[in-house]
Amino acid sequence: MIETRQLSKRYGAFTAVDNISFKVEPGQVLGFLGPNGAGKSTTMKMIAGFLAPTSGGISVCGFDVQKQSIQTKQALGYLPEGAPSYGEMTPRKFLSFIADVRGLKGKHREQRLDDVIERLHLNAVLDQSIETLSKGFKRRVGLAQAILHDPQALVLDEPTDGLDPNQKHEVRALINAMARDKIIIISTHILEEVHEVCNRAIIIAHGKVLADATPSELEARSRYHQAVSLTTSNVTATREALSRIADVEAVEVDPQDHRITAFPKPGRQIFAAVSELVKAQGIPVSELQLESGRLDEVFRTITQGEQQEAAA
Ligand SMILES: Nc1ncnc2c1ncn2[C@@H]1O[C@H](COP(=O)(O)OP(=O)(O)OP(=O)(O)O)[C@@H](O)[C@H]1O
């Protein structure tokens, strides 16, 4: 388990992380979301033991991060923001160095090195200096060092930053494969990533936790939750017909793609009624979709609401 207890970090008078408490159990992939400067990296650095908290405590797999730093580092893999240090080293030398620091020996050492090199597809760049690698490869070298000792807990700061769509997909698959028995915390700006890899999400802003829920629970807070969207060439008539359905509260047309969205009255379901209407009136529809909710809208509402409160 990773546990933070009333964790705070202040830089002079500025509070970057403000009284954050949470527990993450094995099998959970926690997505840490928040606008720029929210305090995500600062929290992750404290969990990884790279930054001392101003107050509060952290334990990783039962070890106190500050008092048992060696045991914590054995139990934890950490991918910091940006590229690995030691840019003049090649990935081969860098990973070999990390293997030594981690105390890996003999056959096990070779197996772990082979495993991460293969998983992160590093073979082609093993002998090129890290500083000359593309951003995506630098990120993958960082990930390789984080998982090299096969730790029980992983803290990954923006693991897919700089990767192309194929690489993003592969790294998300890797995280999913590791998720079964590990404790994983990732920070991300990419909301679709939350769906693909996380089974829990914490939204923070100004160093405070504003939401802690599953991605589905967050989506259920969206005004699009249970709304029905469709695309048709017959926009005006369809809009009018939809607004006459008894359980429809409002109908909106996206000014950009002319997609029509019907919103249900609270607690009502409208998908069946909309489908029947489309069939009965022979409306030419190219897409008809029941919306689960939009995380981007929930994220904006939660974080901007907090900003407005802070300004008031
Ligand atoms: N060493 C430092 N001295 C003073 N302020 C700092 C220091 N490190 C971070 N901060 C401030 O603390 C706040 C939180 O920073 P942090 O990097 O944790 O945010 P973040 O959520 O990771 O942002 P991003 O999404 O942009 O990476 C920011 O306002 C940042 O400017």
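Is Val-155 buried or exposed? Val-155 is buried, because 30 other C-beta atoms lie within 10 Å and 20 or more are enough to count as buried. The model shown here is predicted. Val-155 sits in strand β7, and that strand belongs to an open sheet of six strands. The points below start with the whole chain and then return to this sheet.

**The whole chain**

- The chain has 312 residues, and 37% of them count as buried.
- Its secondary structure comes to 11 helices and 14 strands.
- The C-alpha trace spans about 70 × 45 × 30 Å along its principal axes.
- Take the contacts with a separation of 6 or more: 67% of them join residues 24 or more positions apart.
- The domain assignment gives domain 1 as residues 2–220 and domain 2 as residues 227–291.
- The C-alpha centres of domain 1 and domain 2 are 43 Å apart.

**The six-stranded sheet**

- The strand order is β6-β7-β8-β3-β9-β10, and the pairing is mixed.
- β6 (76–79) and β10 (208–213) stand at the edges. Each has a single partner strand, so one side of each has no neighbour in the sheet.
- Neighbouring strands in this sheet are turned by 15° against each other on average, with direction ignored.
- β3 (residues 29–33) pairs with β9 (residues 200–205) in the parallel sense, over four bridges.
- In that pair, Leu-30 stands opposite Arg-200 of β9.

**Helices on the sheet**

- Helix α5 (residues 135–147) packs on the sheet and touches β6 and β7 (153–157).
- The direction of α5 makes about 170° with that of β6.
- Helix α6 (residues 165–179) lies across β3, β7 and β8 (183–187).
- α6 runs at about 150° to β8.

- Five of the five residues of β7 are buried, so the strand is largely enclosed by the rest of the structure.
- Both faces of β7 are covered. Ala-153, Val-155 and Asp-157 are buried on one side, and Leu-154 and Leu-156 are buried on the other.
- β6 and β7 run parallel and are joined by four bridges. Here Tyr-78 stands opposite Val-155.
- β7 and β8 also run parallel, joined by five bridges. Here Leu-154 stands opposite Ile-184 of β8.

**Around Val-155**

- Which residues does Val-155 touch, not counting residues up to four places away in sequence? They are Met-44, Ile-47, Ala-48, Leu-76, Tyr-78 and Ile-185.
- Val-155 and Ile-185 are 30 residues apart along the chain, yet their C-alpha atoms are separated by 4.9 Å.

**Around the ligand**

- The residues around the ligand are Tyr-11, Phe-14, Ala-16, Gly-34, Asn-36, Gly-37, Ala-38, Gly-39, Lys-40, Ser-41 and Thr-42.
- By type, this shell divides into four nonpolar residues, six polar and one charged.
- β2 (14–24) and α1 (40–47) each supply at least two residues of the shell.
- Which element supplies the largest share of the shell? α1 does, with three residues.

How values were computed
Residues are numbered from 1 along each chain as its sequence is written. This is a predicted model: local features need pLDDT of at least 70, side-chain atom pairs count only at pLDDT 80 or more; totals for chains, interfaces and linings use all residues. A residue is buried if 20 or more other C-beta atoms lie within 10 Å of its own, exposed if 12 or fewer, and partly exposed in between; C-beta atoms are placed from the backbone. Two residues are in contact if their C-beta atoms, placed from the backbone, lie within 7 Å. A residue is near a molecule or strand if its C-beta atom, placed from the backbone, lies within 6 Å of it. Ala, Val, Leu, Ile, Met, Phe, Trp, Tyr, Cys and Pro count as nonpolar, Asp, Glu, Lys and Arg as charged, and the others, Gly among them, as polar. Domain bounds come from an automatic or database domain assignment. Two strands pair if DSSP finds at least two bridges between them. Axes are lines fitted to C-alpha atoms, for helices over the stretch in contact, and angles run from 0 to 180 degrees between N-to-C directions.
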